[in-house]
Amino acid sequence: MPVPTPETKHFWEGTAVGELRIQRCTSCEKFYFYPRPYCPLCNSGDVEWRVVSGKGTLASYNINYRPFPMFKTDEPQVIALVQLDEGVRLMSNIIGVDPLPENLPLGLRLKVEFEPRGDQFLPVFTPENTEGN
Ligand SMILES: [Zn+2]
């Protein structure tokens with residue numbers, strides 16, 4: 001699991017209470033990820049934390065068939081790049097669907113959920129409309 005640092009502490013405190021918190025630059029008004037004390041787009045130090053919708057789309061993914069001991073499962077893991085509606089991309093896992101390409105069209109609408117992993121809650125994503133899965 002990632003270890004919280006001063007830069008990411010607020011992010012992990014958010015996931016523990018069911019909030020996806022992303023930094024936003026108040027100068028150029030763009031969101032960015034991962035957390036940093038300066039905006040990576042315009043170098044401004046005027047940055048803030050926002051609770052975001054946790055909704056987005058599937059931008060890219062990989063199905064990993066090697067077991068991850070830390071996930072305590074032999075099921076294949078979907079490792080995805082999720083494009084949040086706020087414009088940033090996060091690496092995450094997709095849950096709640098069989099890990100088959102036909103279930104994972106690019107552009108699929110996703111919503112965040114938080115899974116306990118060790119001492120932390122990891123943001124994972126599931127299809128926004130789960131009917132039919
Ligand atoms: Zn900026």
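Strands here are DSSP E runs of at least two residues, helices are H or I runs of at least four, and both are numbered from the N terminus. Two strands count as paired if DSSP finds at least two bridges between them. The model is predicted, so local features need pLDDT of at least 70 and side-chain atom pairs count only at pLDDT 80 or more, while totals for chains, interfaces and linings use all residues. Residues are numbered from 1 along each chain as its sequence is written, and side-chain values use heavy atoms, with hydrogens and water left out.

β1 pairs with β3 in the antiparallel sense over five bridges. The pairing of β1 with β2 (residues 31–32) is also antiparallel, over two bridges; there, R24 stands opposite F31. Together these strands make an open sheet of three with the order β2-β1-β3. The edges are held by β2 and β3, each with a single partner strand, so one side of each has no neighbour in the sheet. Between β1 and β2 the chain forms a hairpin with five residues between the strands, and E29 in the turn has a positive phi of about 60°.

β1 itself is mostly covered, with five of its five residues buried. Buried means under 20% relative accessible area, exposed means over 50%, and partly exposed lies in between (1.4 Å probe, protein chains only). R21, Q23 and C25 point one way from the strand, whereas I22 and R24 point the other way.

The zinc ion has as protein donors the SG atoms of C25, C28, C39 and C42, lying 2.3 Å from it. Donors are N, O and S atoms within 2.8 Å of the metal (3.2 Å for Na, K and Ca); water is not among the atoms, so sites may look incomplete. The site links distant parts of the chain, with C25 in strand β1 and C39 in the loop between β2 and β3, 14 residues apart. The donor residues follow the spacing C-x2-C-x10-C-x2-C. Around the zinc ion the four donor atoms subtend angles of 105 to 119°, which makes the arrangement tetrahedral; four donors count as such if all angles lie between 85 and 135 degrees. For comparison, the ideal angle for four tetrahedral donors is 109.5 degrees.

How exposed are the donor residues? C25 is buried at a relative accessible area of 0%, and C39 is buried at 1%, but C42 is partly exposed at 36%. The count of disulfides, defined as pairs of cysteine sulfur atoms within 2.5 Å, comes to zero.

Helix α1 covers residues 9–16, and F11, W12, G14 and T15 in it are buried. Seen down the axis of α1, these buried residues fall within an arc of 155°, so they line one face of the helix. The arc is taken from the directions from the helix axis to the C-beta atoms. What covers them includes β1 (21–25), β3 (47–51), β7 (109–117) and β8 (120–127), where contact means heavy atoms within 4.5 Å. α1 is followed by G18, which has a positive phi near 80°.

Terms used: Four donors count as tetrahedral if all angles lie between 85 and 135 degrees; four count as square planar and six as octahedral if opposite donors are over 155 degrees apart and all others between 65 and 115; anything else is irregular.
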